[in-house]
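Please take a moment with the structure shown here before reading on. The paragraphs that follow start from a single residue and then widen the view step by step.

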Amino acid sequence: RYPNAKLTVLATERNKDVFTGQKFIDRIKVLSLSPVAIIRFIIKNFRKYDLAIDMEEYLNISAIIARCAGKFRLGYSHMLRSWLYDKTVVYNDQQHCSETFADLIRSLGANIDISERLIPLYNTQHDRMIVDQLLRQNALKKKYFVAIAPGVAESSKNRLWPKERFAELADRLYEQGSQIAFIGAKNELPLIEKIKGLMKKKAANLSGKTSLPQT
């Protein structure tokens, strides 16, 4: 419907790799979350975009940025921040997050079916070489290992599954013939070591050793 439309993604340093290399994205702006950087962005981009879609479900600052940068604002209907949008969608946390994000676009009349295949992250030959080397160093075979990411973001600690359950799950998978590798950010190393300490079987700890595309 809008052949000349351009898609700009506002990302942080933490999640920029999710969008990097995707051909349907025209531009990626990486924003520091410091107050000075946010104010500068708002002033420079005030009402610059025809449509601002806020995919953040909790942090209020994203709603403020969307309100200032977009001429029309779309976001989720829960919490007081919903007052800053022109159109809202129910935040459904009982489905895969990709479906919840797609609900925003569907509210604009788009027909999106993502049930069959998610878009893979972009990665390079160099990324694949690093992963192959890491697997060899930890004696992990590509077809027989399961990667487990037990960590959560700082803003959602309530979603963290108990360490004992991760340990039990990993032991069961091992007994079924799978090798186990825990993955995550570098600051999740202590959490993973605690989980490994509760396990009866062995597992590799790869936290902090891969970038997001490599993971």
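Leaving aside its neighbours within four places in sequence, which residues is Ala52 in contact with? In this predicted model, the residues that Ala52 touches beyond those neighbours are Ala66, Gly70, Phe72, Arg73 and Leu74. Ala52 itself belongs to strand β3, which covers residues 49–53. Its relative accessible area is 11%, and because a residue counts as buried when this value is under 20%, Ala52 is described as buried.

Strand β4 takes in residues 70–76, and it pairs with β3 in the parallel sense over 4 bridges. Strands of a sheet pair through backbone hydrogen bonds, and the pairing may be either parallel or antiparallel.

The pair formed by β3 and β4 is part of an open sheet of 3 strands, which follow one another in the order β3-β4-β5 with parallel pairing. The edges of this sheet are formed by β3 and by β5 (87–89), each of which pairs on one side only. On average, and with direction ignored, neighbouring strands of the sheet are turned by 15° against each other.

Two helices lie across these strands, and each can be described by its direction relative to β4. Helix α3, made of residues 60–69, lies across β3 and β4 and runs at about 150° to β4. Helix α4, made of residues 97–106, lies across β3, β4 and β5, and its angle to β4 is about 140°.

Seen as a whole, the protein has 7 helices and 8 strands, and its C-alpha atoms fill a box of roughly 55 × 40 × 35 Å along the principal axes. Of its 215 residues, 30% are buried, and Ala52 belongs to the buried residues. Among contacts in the protein with a separation of 6 or more, 41% are between residues 24 or more positions apart. The accessible surface comes to about 14,600 Å², and carbon and sulfur atoms account for 55% of it. The protein carries 35 positive and 22 negative charges, whose mean positions are 5 Å apart.

Terms used: Residues numbered from 1 in each chain as written. Predicted model: local features only at pLDDT ≥ 70, side-chain atom pairs only at ≥ 80, totals over all residues. Heavy atoms only, no water. Buried < 20%, exposed > 50% of the residue type's maximum accessible area, 1.4 Å probe, protein only. Contact = heavy atoms within 4.5 Å. Pairing = 2+ DSSP bridges. Axes fitted to C-alpha atoms, helices over the stretch in contact; angles between N-to-C directions. Areas by Shrake-Rupley, 256 points an atom, 1.4 Å probe, with all protein chains shown as cover. Lys, Arg positive; Asp, Glu negative; His and termini not counted. Charge placed at Lys NZ, Arg CZ, Asp CG, Glu CD.
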